[in-house]
Amino acid sequence: MSAELIVKLRLSVWRDFAPGRPLSLWRGDQNEQQVISGESEIQQEIFSWQMREDPFDGVLEEEDRALLRAVLLDRFEPSSNPDDRRVERLVEFVVEADRILDSGKAEWTISLDPPQEDEDAPYRLNPLLALRNQVEWLIGSFGGIPGLSVSVR
């Protein structure tokens, strides 16, 4: 499998969809109906961003990697309730990432992206810094808008 097809992390922003009238869905395996009438029961993806690099791979200490995974991956698990995955909750990840970056506990690595035509070698990047900057942009762009939630896989 080529490096271009490998996605290590996908961050999505979802909007609650409130139908104009109640919807009824058949559950074929259980032969029963589920009525959907409220917000956050159906969601629509409005933005997604993905990384090929593992953002936690360059973090030097296992304890810090575990904490970052907990505040990002575990907290924004797609199966969690959308009310628990609101955009504003990403601030905790940014605070923890800043602490790790400021203390020099995250290394720069060689990118998985192949060199471009005018480049001699692949570029170096700090995957945690790249993710932190993207999350900060996401908070600034989507934070405070009612009915939006985030999932990270």
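1. Trp14 has Glu45 of β4 as its bridge partner. The two strands involved, β1 and β4, pair in the antiparallel sense over 9 bridges; pairing here requires that DSSP finds at least two bridges between the strands. Strands (E, at least two residues) and helices (H or I, at least four) are DSSP runs, numbered from the N terminus.

2. A word on the source: this is a predicted model, where local features need pLDDT of at least 70 and side-chain atom pairs count only at pLDDT 80 or more, while totals for chains, interfaces and linings use all residues. Residues are numbered from 1 along each chain as its sequence is written, and side-chain values use heavy atoms, leaving out hydrogens and water.

3. Stepping back, the open sheet has 3 strands in the order β4-β1-β7, with antiparallel pairing. At its edges sit β4 (42–51) and β7, each pairing on one side only.

4. Now to α1, where Asp64, Arg65, Leu68, Val71 and Leu72 are buried (under 20% relative accessible area; exposed is over 50%, partly exposed in between; 1.4 Å probe, protein chains only). Seen down the axis of α1, these buried residues fall within an arc of 140 degrees, so they line one face of the helix; the arc is that of the directions from the helix axis to the C-beta atoms. The face turned away from the buried side carries exposed Glu63 and Asp74.

5. Do look at Asp64, which counts as buried at 3% relative accessibility. Beyond its neighbours within four places in sequence, Asp64 is in contact (heavy atoms within 4.5 Å) with Val59, Arg99, Ile100 and Lys105.
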